[in-house]
Amino acid sequence: MYGTKGKIDLAFEYQSQASILRPSIHSRRANLTVKFQDLYEFSVEGNVDDVNVLNEVREKVRQRGRVWWELEASKGANWYLHTTIGQGSALTSSLKLSALANAITLKKLIRKGVPPVLRPKIWFSLSGAAKKKSTVPESYYDDLTKAVEGKVTPATRQIDHDLPRTFPGHPWLDTPEGHAALRRVLVVYSFRDSDVGYCQGLNYVAALLLLVMKTEEDAFWMLAVLLENVLVNDCYTNNLSGCHVEQRVFKDLLVKKCPRIASHLEALEFDVSLVTTEWFLCLFSKSLPSETTLRVWDVIFYEGAKFIFNVALAIFKMKEDELLVTHHVGEVINVLQMTTHHLFDPDDLLTVAFDKIGSMTTNNISKQRKKQEPEVMKELDQRIRRLNFLKMEGK
């Protein structure tokens, strides 16, 4: 995949041979806009400060890589797989302590970021994708790809429509080869799960998975485990009921975690779902710089979908002072978009998400979801009834 696998591997070998971004002599002022490429070859516009931040991020990536390689040298190549503490007397106390120590170390390391070159292996193992793949025949993806070739459905038509709009300008994704690979992943999954089929937003998620995982098949299984095990049910079904539930849960959390912001936005009659729906459906891939997005995904694939709420809340929290002086909806959207598009240092966002938002247990989030589900289903049912009534009126 990518047609330049060696190129990608070298580029992500902690960027050891990547050239440092150097703004030209004509772009030394911070208020001038410059164009540059980030770690995953996306073209980005920013100022010279942004370029400097991205150079610092490259150095952090190199440093993280050294830490991971040192642990692999001392603990073994797959030490992170030995983090489950079993039950019963079969395990000795020393083994249990070793597993516990590994689990603590792994959680800390993942929160600090998985090096790009290790992401395919770490994600595939820890997310459950490897286990999911092991339950079907080895040829499952190839067989399904051949079986659905040439078939046309509403999902395939929408996929074809969205392909050229998915990260336009990227040197691999926006090519015939990139479009073909992304199409196969999305089409095959649409046949695997007919309830989901295809939903706009998945194209961005799958595209970024392709860049990280390097192969179509691994990207497919990562998409499968994400939709079937990591995220809440029905986020991408026709009525988006799961997404509507998540939006309601988020609004409640915003009131609890950021009451001043919530109160101010309510006074402006600003519906936060105007911005957060895209965040949740695209998992921030359209909003945040690529490495920042993937740092968020590092945590999601290990700790679960609850972290999406931490990140969304952190974005609001980071700009609390600016949001509190906004006077209309357009200003709010502008503040949030400017914030997300320039979060080139993932640590700026994740520090707030972990330290200032605080922990939210999966159990508490699940309770909030169950609380919101009946009202969401009631609203969706009423919407369907209204649409049916309008159709009857039009006949």
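Predicted model: local features only at pLDDT ≥ 70, side-chain atom pairs only at ≥ 80, totals over all residues.
After H6 comes Gly 150, a residue with a positive phi, near 85°.

The aromatic rings come next. A pair of aromatic rings is described by the distance of the centres and the angle of the planes. Searching the whole structure gives 19 aromatic pairs. One of the pairs joins Trp 79 and Tyr 80 in an edge-to-face arrangement, with 6.1 Å centre to centre and 80° between the planes. Both Trp 79 and Tyr 80 are buried.

Another pair leads back to the helix described above. Tyr 140 and Phe 220 form a tilted aromatic pair, with their centres 6.4 Å apart and 35° between the planes. Tyr 140 belongs to helix H6 and Phe 220 to helix H10, so this pair ties together parts that are 80 residues apart in sequence. How exposed or buried are the two partners? Tyr 140 has a relative accessibility of 21% and therefore counts as partly exposed, the range for buried being under 20%. Phe 220, at 0% relative accessibility, counts as buried.

Elsewhere, ring pairs link several residues into a cluster. The members of this cluster are Phe 250, Trp 279, Phe 280, Phe 284, Phe 309 and Phe 316.

Finally, there is the matter of empty space. Rolling a probe the size of a water molecule over the atoms shows where empty space is left. The largest pocket holds about 450 Å³ of space. Its lining is made up of 18 residues, and those nearest the centre of the pocket are Phe 42, Ser 43, Val 44, Phe 167 and Lys 286. Which element gives the largest share of this lining? That element is strand E2 (residues 43–46), which contributes 3 residues. By residue type, the lining of the largest pocket divides into 8 nonpolar, 7 polar and 3 charged residues.

Note on methods
Residues numbered from 1 in each chain as written. Heavy atoms only, no water. Helix = DSSP H or I, 4+ residues; strand = E, 2+ residues; numbered from the N terminus. Phe/Tyr/Trp six-rings, centres within 6.5 Å; stacked < 30°, edge-to-face > 60°. Buried < 20%, exposed > 50% of the residue type's maximum accessible area, 1.4 Å probe, protein only. 1 Å grid on protein atoms, 1.4 Å probe; cavity = no way out; pocket = protein on both sides within 12 Å on 5 of 7 lines; lining within 4 Å. Points joined across faces, edges and corners; volume = space filled by probe spheres on them. Nonpolar A, V, L, I, M, F, W, Y, C, P; charged D, E, K, R; others polar.
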